[in-house]
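Here are some short notes for a first look at this structure. Please keep the model open while reading.

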Amino acid sequence: MNPFDYTRATDTADAVAVLTERPDAVFLAGGTNLVDHLKLGVTEPGLVVDINGLDLTDIEGLDDSGLRIGAMVRNSDAAADLRVRRDYPMLSRALLSGASGQLRNAASMGGNLLQRTRCVYFQDTSTPCNKREPGSGCSAIGGYTRYHAILGASQDCVATHPSDMAVALAALDATVVVLGPHGERRIPVDELHRLPGEQPERDTILEHGELITALELPPPRAGRSTYRKIRDRASYAFALVSVAATVDVDDSGPKPVIREAAIALGGVAHKPWRARAAEAVLRGAEPNEETFLQAADAELAAAEPLEGNRFKVQMARGAITTVLTELTGGLESKLDDTTEDAHE
């Protein structure tokens with residue numbers, strides 16, 4: 001590990017000012033990602049700005065019945081909060097799916113959003129990696145790609161974003177509150193992370209010096225929601241494929257109809273992947289297996305798997321249909337009854 005300067009920020013304005021003055025500076029929150037990269041030599045900052053003393057640890061209701069979660073709230077605390085569990089169970093489940101209990105106790109909400117890929121080549125400084133050293137090449141292409149992208153990748157990078165929490169936030173249409181040298185701005189979570197394109201070294205649209213201060217959740221949606229993660233082992237593993245979804249069904253008529261749906265996928269792209277094509281198929285359709293398969297196929301039509309992760313396409317198809325079936329459980333019997341009535 002290379003030597004670096006260290007300082008503690010006294011408030012958010014101080015943190016932004018200090019980082020803005022030093023192009024080689026980074027923020028330190030929970031450290032569950034940064035410290036690993038310091039040890040591996042993946043990142044070599046000249047200054048580490050500790051923000052653990054900042055007053056960003058509150059979870060509070062908003063006037064519109066939404067929820068504001070401070071960026072320094074720990075993952076375990078957010079997952080256990082009664083309001084999160086009651087109104088945003090998808091988010092609580094996603095948080096509890098990530099890492100171990102010890103890491104969740106240390107990891108912050110803002111830091112979780114900004115964790116970098118766990119691609120083995122990104123973490124191995126002896127191999128070329130465009131994300132680590134732009135222009136050096138992508139060792140994953142033609143290499144080990146089990147955990148890599150099937151959607152939105154480029155010839156410069158096929159890595160995936162590792163956060164479970166970010167996938168749930170994308171499905172919830174959450175907003176990231178950011179303070180920077182030019183003031184405060186709000187960014188939809190779905191717009192925060194970038195696809196790799198020709199600049200895979202840039203994970204997000206944040207500029208140097210900008211600090212995440214809070215996450216804002218909109219009012220709870222009608223319907224049912226959940227988060228499902230498929231991984232190689234039961235705990236402490238990153239998602240091969242994950243699905244965060246909310247489905248609202250109108251069952252007041254003779255046949256149930258999907259009123260609204262929001263779906264995001266994890267483990268398949270450089271960013272949490274909002275499944276807009278699948279959502280479009282679901283709106284106004286009957287909640288049945290045929291509809292769910294059509295929705296999954298519409299979203300995955302653009303998939304470009306690599307030799308080592310072709311299984312992910314079918315896995316994602318199955319995960320989407322399984323989650324949608326789970327969220328609309330109990331409606332199939334009504335559909336069957338309606339069909340029987342029509343035949344009488």
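1. How many bridges join β2 to strand β3, and do the two run parallel or antiparallel? Four bridges join them, and the strands run parallel. Strand β3 covers residues 47–50. Note that this is a predicted model.

2. Ala 25 stands opposite Leu 47 in β3.

3. Now take in the whole sheet. It is open and has three strands, in the order β1-β3-β2, with parallel pairing. The edge strands are β1 (5–8) and β2 (25–28). Each of these edge strands pairs on one side only. On average, neighbouring strands of the sheet are turned by 25 degrees against each other, direction ignored.

4. Next, look at the helix against this sheet. Helix α1, residues 12–21, lies across β1, β2 and β3. Helix α1 runs at about 150 degrees to β2.

5. Two backbone angles deserve a check. Most residues other than glycine have a negative phi. Ser 65 is not a glycine, yet it has a positive phi of about 80 degrees. Ser 65 sits in the loop between β4 (59–61) and β5 (67–70).

6. The second case is Ala 99. Its phi is positive, at about 60 degrees, although Ala 99 is not a glycine. The loop that holds Ala 99 runs between α5 (89–97) and α6 (101–106).

7. Why does Ala 99 count as partly exposed? Its relative accessibility is 31%. Partly exposed covers what lies between buried, under 20%, and exposed, over 50%, so Ala 99 belongs there.

Definitions and conventions:
Residues are numbered from 1 along each chain as its sequence is written. This is a predicted model: local features need pLDDT of at least 70, side-chain atom pairs count only at pLDDT 80 or more; totals for chains, interfaces and linings use all residues. Side-chain values use heavy atoms; hydrogens and water are left out. Two strands pair if DSSP finds at least two bridges between them. Axes are lines fitted to C-alpha atoms, for helices over the stretch in contact, and angles run from 0 to 180 degrees between N-to-C directions. Contact means heavy atoms within 4.5 Å. Buried means under 20% relative accessible area, exposed over 50%, partly exposed in between (1.4 Å probe, protein chains only).
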